[in-house]
Structures are given as C-alpha cells and as structure tokens.
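Here is a short report on one protein chain. Look at the sequence and the model, then read on.

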Amino acid sequence: MENSPETVEIKKTQKGSGFSGLILFAFISFALCFAAVWVLTQNRNHKLARLHDLEFNTGYFVGNTYHNPDLAWRISFPEGMTLLDHQHLQDWKQLPQVPGFAPDSIGDTGLFMALGDAFSVVAFASVEAIEGRAVFQASDHIITQTQLSLRNSIARRNHYPCECEVSDVLISQIPFKRMSLVFVHQGQVQKRQEVFSGVAANYLLHVTVIYYNTFAGENMIAAILDSDFE
C-alpha cells in the first residue's frame, strides 16, 4: 500500500510587508513631528504677537515725575527717591533684591521702580494687556481675580502670615481696587504692602508699594492717589 504523501501547508510571507510598515511608521512619525512643530510655532507666534501688542510707550521721567503718554498717566514721587525706568528694569539681577518681592511677579511689562532710603519704601508699576479677556469678563471681575492670584503669590514669597483687606478707590476718576496687606509676626507688624489695580487705556495697571517705614509708605501712597489720568 502506497503511503499518502503528507500535506504540507506552506505559508507565504507577503513580500514587502516589513518595508511598508517601516514607511507607515516613518509617515506617522513625520506627521507627529510636524504637528508638534506647528503647535510650538503657533505658541511662539502668539507670544510674539502678545509682546508686539505690549510694545507701547513705557514712559519716562522728567525730574521726579513719571509720564506715560499711552496710559495718559502722570505721577510725581516724593523727593529723594531713586527712580528707575523700564530700561533699568530689564536686568533685575543688577538691582538690589527686595525681600518678598520680585518685579516679574506682577504684570507683563514693568514701567518703573522707585526706591526710598535703605528700602524704607519700594514702589513698582507694571501693565498687562486686557483686550483678550475683556470680551468674556467684566473689568471688575478681571481685577478681582488678578488680585486674588497676586495675593497668593505674595503670600508664598513671605515667611510671615498676612492680613488682607480690599477696598475700592478712585484715582483721577478711574476706579481701582486697593489690596492692603499687613505682615505680622508675634503680634508685631513686620511689613506693609499695598497693591492698586485698575484699567487704563485698555491695559491692566498694577502699582504696588512695599514699606517698612510708615511715614515713607504713606507719602508714596498719597502720591499714587494724587496721580493724574488725563
């Protein structure tokens, strides 16, 4: 009896399947890289556009008076203060460090800094664009939310607990919110800080004052309250 030949099933490997997979993988990788580059480029362009929007007149000093044409704002400082304009603020590392404060913590564009003797008082102003947010939120809500974020940031930078009070003030008929912070340790006031936030010429303007000397601080606050928006 003849033995039946065994049936052998031969599986054929499809030619080129490995090469096709490699091409597919390369195509997907390229697409992902392209998407990542596009996103990064869009973010960069958005930031550049935002910076371009902020390229307004950062103001200048004439004597002890600061002028800002784009904000139509003028403020005169108490005599004897050291006044630094926007250009001087570009290299913060060369400036003296103020405990619990960094100029990049408030706003996008620093306008000026004023220093009293031995840091008895420090005043700093900055602006940030409000256009993008004003469409969806009222100015009062934007200011409230910004000051809340600001308060949390300030609290993280300081070792002492602070008491906070927010009130509404008018500066040359423009409404501002005044956030008053008092830092206390073992029943003793260590430092006081005031932050004035308002909308001027479609910009969110912040003016912060840190003071250890009550007289110097009150003089600086009076200068802010007496400043003029034309």
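This is a predicted model. Of the contacts in the chain with a separation of 6 or more, 52% join residues 24 or more positions apart. The chain holds 4 helices and 11 strands. It has 230 residues, and 37% of them are buried.

**The core**

The largest nonpolar core has 31 residues. Leu71, Trp73, Leu111, Leu205 and Met220 have the most contacts inside it. Among the elements that give two or more residues to this core are strand S3 (73–76), strand S10 (203–211) and helix H4 (214–225). Take Met220. Leaving out residues up to four places away in sequence, Met220 touches Ile75, Phe77, Pro78, Met81, Val121, Ala123 and Val209.

**Salt bridges**

Side chains of opposite charge can pair when their charged atoms come close. The whole structure has 5 salt bridges. The table gives some of them.

| Salt bridge | Closest N and O atoms |
|---|---|
| Arg74 with Asp228 | 3.4 Å |
| Arg74 with Glu230 | 2.9 Å |
| Asp140 with Lys177 | 3.4 Å |

The pair Asp140 and Lys177 links helix H3 (residues 139–157) to strand S8, 37 residues apart. Salt bridges that share partners join Arg74, Asp228 and Glu230 into one network.

How exposed or buried are these residues? Arg74 is partly exposed, because its relative accessibility is 31%. Asp228 is partly exposed too, at 26%. Glu230 counts as exposed, at 69%. Asp140 is partly exposed, with a relative accessible area of 47%. Its partner Lys177 counts as buried, at 12% relative accessibility.

Conventions: Residues are numbered from 1 along each chain as its sequence is written. This is a predicted model: local features need pLDDT of at least 70, side-chain atom pairs count only at pLDDT 80 or more; totals for chains, interfaces and linings use all residues. Side-chain values use heavy atoms; hydrogens and water are left out. Buried means under 20% relative accessible area, exposed over 50%, partly exposed in between (1.4 Å probe, protein chains only). Contact means heavy atoms within 4.5 Å. A nonpolar core is a set of buried Ala, Val, Leu, Ile, Met, Phe, Trp, Tyr and Cys residues joined through side-chain atoms within 4.5 Å. A salt bridge is a side-chain nitrogen of Lys or Arg within 4 Å of a carboxyl oxygen of Asp or Glu.
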